[in-house]
Amino acid sequence: MASIDNKNDDQIGNILEEQSQKLQVPANLPVLLLRDIVIFPYMIAPLFVGREKSKSAIDAALSGSRMILLLTQKDMEIEDPKREEVYDVGTVALIMRMLKLPDGRVRILAQGLIRARVEAFEEDGAYITAGVSALQEPDAPEKNLETEAMIRNVRSGLEKAASLGKNLPPEVLIIASNVDEAGRLADLTASNLELKVDEAQRILEIDDPYQRLKRVYELLTRELELLDVQSKISTEAKGEMDKLQKQYYLRQQMKAIQKELGEGTEIQEDIKGYQDKLRKIRVGDEVKEELEKQIGRLAQMHPESAETAVVRNYLDWMFSLPWNKSTVDNLDLIKARKILDEDHYGLAKVKERILEYLGVRKLSKTAKGPILCFVGPPGVGKTSLGRSIARALGRKFVRISLGGVHDEAEIRGHRRTYVGAMPGRIVQGIRRAGSENPVFMMDEVDKIGADFRGDPSSALLEVLDPEQNNQFRDHYLGVPYDLSKVLFITTANLLDPIQPAFRDRMEVLELTGYTEEEKLQIAFRHLIPKQVAENALTPKLIHFTDGAVKKIASLYTREAGVRNLEREIASVCRKVARKVAEGKKALSVVTAQSIERYLGPPKIFKDQLLQKNQIGIVTGVAWTATGGEILFVEASKMPGKGGLSLTGSLGEVMKESAQAALTYARAHAAEFGIEARLFSQNDFHVHFPEGAIPKDGPSAGVTIATALLSVCTDNKVIWDTAMTGEITLRGNVLPVGGIKEKVLAAQRAGVKKMIIPAANKKDLYDIPKKVIRGLEFIYVEDIKDVFPHALVKPLGKARKPAGKADGKRRGAKK
């Protein structure tokens with residue numbers, strides 16, 4: 001119940017109280033709908049009104065008798081409730097004050113007068129009106145014992161509620177002690193009990209004063225029980241706090257007593273252990289000073305404080321790191337070479353680099369570890385090569401994957417001020433290795449991310465710099481740690497995503513795809529024995545022929561590595577293992593003819609050349625992430641106005657190469673015997689088949705130019721000749737990348753002659769001679785040198801064929 005502060009309001013309240021019994025209520029009243037409150041008679045409450053209909057109802061009431069019917073909604077969320085969505089019984093109230101607020105709402109002070117029941121409900125006008133019938137309180141009978149006892153119980157209940165902490169205004173208790181009517185006491189008590197809307201409405205609808213008071217007393221009794229439980233909980237909590245304070249006081253006294261007696265506390269044993277470790281450990285002065293400082297802090301701390309656990313965790317990390325603990329390197333170069341050859345076939349460059357490092361270590365004990373980066377497609381053995389290097393050197397091996405890492409703290413660690421702080425993954429790896437000179441492999445460095453939490457690539461610059469990593473500072477440790485003796489190896493599929501500064505720290509060794517012969521050797525040396533053993537077979541139960549392995553590699557997998565080749569071999573072994581389990585223990589010989597029984601029809605269509613010379617179709621070669629493959633460039637002309645159409649999901653670089661090739665052809669038309677009007681009267685269309693596969697790169701210029709010249713001169717292209725290279729507007733042939741993969745693709749497809757830029761001649765020395773045996777290489781510096789070798793008929797004034805001396809020297813056939 002709200003109270004009125006000034007004298008005038010008190011006088012209005014007294015007048016209304018005296019006349020309530022003879023109050024005349026109009027038959028029709030404006031209606032003010034309430035959302036979450038029920039107003040009782042004699043209750044004064046401020047109300048805030050925002051709905052337009054409700055404001056109109058207030059205006060109508062103020063212009064008349066100042067009386068308004070307060071009805072409560074059944075659902076407070078409904079904005080415009082209908083008749084059935086409001087209760088039938090409400091309270092007729094008198095508007096005592098009205099104030100318009102700046103935000104458009106209206107604030108009124110209303111006092112309940114009498115209960116009323118809705119007889120009619122009109123909601124179509126500017127405001128809601130209702131026909132009402134006032135529910136007069138029945139004449140009070142002579143008080144009986146039950147009524148008097150109930151009144152006393154309610155009064156004492158209100159006093160007890162106030163004593164238990166219930167927020168009741170003092171004037172409520174005064175009014176309750178002076179009210180003798182059961183109905184009015186019930187209304188007064190209900191308005192101060194913080195009841196739910198439905199409970200308060202049920203009380204409002206009870207006509208009989210005694211029954212209403214009885215129901216209110218039941219709710220008051222429940223409130224008293226809740227207040228009692230709440231008081232007990234508060235008392236227990238306070239008692240627990242007092243207990244903790246007492247324990248703290250006693251512990252401080254005990255600590256002082258033990259200090260006087262010279263006796264240790266429960267943490268003294270740990271401190272003594274840390275001090276013993278500090279005397280034995282060999283570390284620098286800065287590290288030793290920090291350890292002494294933290295041990296001293298620990299000695300001054302309470303054993304159960306949160307900071308104690310943080311310092312203990314830090315000391316445990318510091319003492320568990322391998323300070324000046326190293327494994328002895330295997331400096332026997334012959335033994336190391338043997339181990340490397342046992343684990344991997346080929347990879348001569350990588351093996352040579354490791355042996356060079358061992359040779360330097362044998363001569364100098366202070367040689368710093370190299371920072372190697374293995375770059376190559378998936379499945380070529382980058383990660384397994386790291387394990388093999390560790391075995392050859394006699395060192396521990398640690399591997400972490402950095403793919404998808406976004407947080408710089410993953411590398412440098414968290415500062416100890418953070419909850420749950422811990423060192424970065426570099427220090428964690430060193431701890432797992434147990435030595436300060438392991439082989440540390442960081443996989444997928446080309447897939448490191450960067451966001452608002454920092455750039456891990458930038459954090460790795462210090463780790464991978466031999467001039468800085470002897471003083472590497474992890475944020476958690478806070479002291480320098482020497483990483484210069486670690487042999488770091490990183491792996492990546494592509495170099496382009498790696499930051500230039502990060503790439504500059506590393507020595508890049510490219511692991512290109514394996515040739516068919518290398519895959520055959522790897523299968524027989526490693527993959528087949530491994531899968532035979534894993535599937536519980538023996539060489540007496542299964543045997544692979546060379547033809548079977550070659551067919552699996554060429555027709556069931558298309559990859560630079562051997563991962564899928566191993567999967568297919570495993571599939572064959574499982575099928576043989578099933579036969580053995582069924583009792584068929586005869587030797588299963590897997591041949592090229594029987595492989596389809598195990599693996600089904602071929603999954604890959606082998607690149608096949610055209611079998612005849614045609615106009616406008618040229619064989620090109622392309623580099624892909626899984627190796628190389630051949631592709632055909634088709635050109636055609638049709639009547640038009642000199643336009644150029646390009647199709648086949650081409651990137652911007654390839655489109656520019658095609659435009660450059662057409663421009664060159666038009667500029668040198670007379671030189672090649674082409675009429676100039678051919679370009680103005682025809683449109684040209686260049687298409688790269690397999691249009692769903694995106695294609696881009698700078699190495700298709702020579703191929704496109706040859707196709708266009710073939711169309712313009714109606715000259716057929718030699719079918720077993722492949723080419724690669726970029727051209728300029730002047731006709732110069734520029735070098736391209738991926739020569740090894742492109743040569744392997746051409747050799748697989750049966751190409752006899754391959755035209756490459758003269759500047760790429762050096763790249764052939766990395767390719768085994770037996771792979772290119774039978775291939776004739778033509779080295780060109782100008783596009784005019786290409787046409788005599790690629791076209792069937794010589795062009796008008798084209799140059800004579802360039803020399804083929806290198807083709808013969810490398811085993812080419814005429």
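Analyst: Let's start with pairing: two strands pair if DSSP finds at least two bridges between them. Helices (H or I, at least four residues) and strands (E, at least two) are DSSP runs, numbered from the N terminus. This is a predicted model, in which local features need pLDDT of at least 70 and side-chain atom pairs count only at pLDDT 80 or more, while totals for chains, interfaces and linings use all residues. Residues are numbered from 1 along each chain as its sequence is written, and side-chain values use heavy atoms, with hydrogens and water left out.

User: What makes S5 and strand S6 (residues 129–135) a pair?

Analyst: Seven bridges join S5 to S6, and the definition asks for at least two, so they count as paired. The two strands run antiparallel. A hairpin of six residues links S5 to S6.

User: Which other strands are joined by bridges to S5?

Analyst: Strand S2 (residues 44–49) is joined to S5 by six bridges, and strand S4 (residues 89–100) by eleven. Both of these pairings are antiparallel. Val49 has Val106 in S5 as its bridge partner, and Met98 has Ile108 in S5. The hairpin of S4 and S5 has five residues between the strands, and Gly104 takes a positive phi near 95° there.

User: Why is strand S5 (residues 106–122) called largely enclosed?

Analyst: Buried means under 20% relative accessible area, exposed over 50%, and partly exposed in between (1.4 Å probe, protein chains only). Twelve of the 17 residues in S5 are buried, so the strand is largely enclosed by the rest of the structure.

User: How do you know whether Phe632 is buried or exposed?

Analyst: Phe632, found in strand S18 (residues 627–639), has 19% relative accessibility. That value is under 20%, so Phe632 counts as buried.

User: And what about Thr189, buried or exposed?

Analyst: Thr189 lies in helix H5 (residues 182–190). Its relative accessible area is 1%, so Thr189 is buried. Contact means heavy atoms within 4.5 Å. Leaving aside neighbours within four places in sequence, Thr189 is in contact with Val154, Leu158, Val216 and Leu220.

User: What makes helix H11 (residues 333–343) parallel or antiparallel to helix H12 (residues 348–363)?

Analyst: Axes are lines fitted to C-alpha atoms, for helices over the stretch in contact, and angles run from 0 to 180 degrees between N-to-C directions. The axes of H11 and H12 come within 10 Å and cross at roughly 155°. That makes H11 roughly antiparallel to H12; the cut-offs are under 35 degrees for roughly parallel, over 145 for roughly antiparallel and 65 to 115 for roughly perpendicular, with the rest oblique.

User: Which residues of H11 and H12 meet?

Analyst: On the H11 side there are Leu333, Ala336, Arg337, Leu340 and Asp341, which meet Lys351, Ile354, Leu355, Leu358, Gly359 and Lys362 in H12. By class, this contact has six nonpolar, one polar and four charged residues. Here Ala, Val, Leu, Ile, Met, Phe, Trp, Tyr, Cys and Pro count as nonpolar, Asp, Glu, Lys and Arg as charged, and the others, Gly among them, as polar.

User: What is the order of the strands in the open sheet?

Analyst: Its five strands follow the order S8-S9-S12-S7-S13, with parallel pairing. Strand S8 (397–401) and strand S13 (507–510) are the edge strands, as each pairs on one side only.
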